[in-house]
Each structure stands twice: as structure tokens, then as C-alpha cells.
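Have the model open as you read.

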Amino acid sequence: MSNNELIKLSIEAKDLARAKYSNFHVGAALLAKNGKVYKGANIENASYGLTICAERTAAFTAVLNGETEFSAIAISSDAEDFIPPCGACRQVLAELCGKDLDVIMTNKSGEQKVVKMNDLLPYAFDENFL
Ligand code: THU
């Protein structure tokens, strides 16, 4: 699947966001190595800290479907700038999806910037410390 196709799915996922407090809608589409795609969107809560980001809903859904190997995640929002995963999502994606994951960040104009997970979270805390 091309980056552009994955981005299109992340834009579709953005419509699933429940973001009535921030009004900031985020969509994610996570591509497993077997070709399957798992969508995610942010889901907010009146107890704000319980909000979950788009990237983590996608990653957790994929894991619950038995996926262990991933190639890329596309992230979309309505922001002018490229949307990067937050710190909590970096930690979760690095562990569940691997440091080699391509993170495809998009902006409102439909441009893309691709970075490796390892470049977004160098020196990650992982199972080797436990
Ligand atoms: N959000 C995401 O879904 N992903 C990110 O990478 C950054 C932030 C959500 C969380 C919250 O619902 C809203 O965006 C504003 O922070």
C-alpha cells in the first residue's frame, strides 16, 4: 500500500474522532506487514486526562487483532503543520510497532513528512531495562 493510500485512510479515520472538548480531530491508519490496516481516532472524556490519542487507539486495536509486525502509521489532523505523535504515543508505538516503523505525518495541505520511529524516540525505555 502506498503512503498516499494510507494517508487517505487516516483522513477517513479522523471523521471518527470524538473530540468535543478540544475540537482537535486526529486520525491514524496503522499498516501491518500482512497488508491489513487498523484505523484509530482520538476519543476524549469529560475527565480530560482519560482521553486517548488516535495513534494509541490504532495500535491497541491492531494488537487485539493479533498483529505483531508493522510497517507504517499515517497521522492526519486539520492543523497547518505536520502532526507528530505525542510523547505517550511515541512510547507505545516504539514498543508495540517497532523502532523501524515509518511515521507518516501530514499537514492540512496534504503534504507528508516521513520519519522513523527510532528518530522520534531515541534512547527509548523498553523491556531490556526490566
Ligand atoms: N491527540 C492525538 O490524538 N494524537 C496526537 O498525536 C496529539 C494529540 C489528541 C488528544 C486530544 O484529544 C487532542 O488531540 C488535543 O490534544
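## A covered strand

Let's start with β1, residues 27-32: it is mostly covered, with 6 of its 6 residues buried. Buried here means under 20% relative accessible area, exposed means over 50%, and partly exposed is in between (1.4 Å probe, protein chains only). Strands are DSSP runs of E, at least two residues long, numbered from the N terminus.

In a regular strand the side chains alternate between the two faces of the sheet. In β1, G27, A29 and L31 point one way, while A28, L30 and A32 point the other way, and all are buried.

A word on the source: this is a predicted model, where local features need pLDDT of at least 70, side-chain atom pairs count only at pLDDT 80 or more, and totals for chains, interfaces and linings use all residues. Residues are numbered from 1 along each chain as its sequence is written, and side-chain values use heavy atoms, with hydrogens and water left out.

## Its partners

Two strands pair if DSSP finds at least two bridges between them. β1 pairs with β2 (residues 37-41) in the antiparallel sense over 5 bridges, and L31 sits opposite V37 in β2. The hairpin of β1 and β2 has 4 residues between the strands, and G35 takes a positive phi near 100° there.

β1 also runs antiparallel to β3 (residues 70-76), joined by 6 bridges. Here A28 stands opposite I75 in β3.

## The cysteines

How many disulfides are there? Counting pairs of cysteine sulfur atoms within 2.5 Å, you get 0. C86 is in no disulfide, and its nearest cysteine sulfur, that of C89, is 3.8 Å away, which is too far for a bond.

C86 is partly exposed, at 32% relative accessible area, whereas C89 is buried, at 0%.
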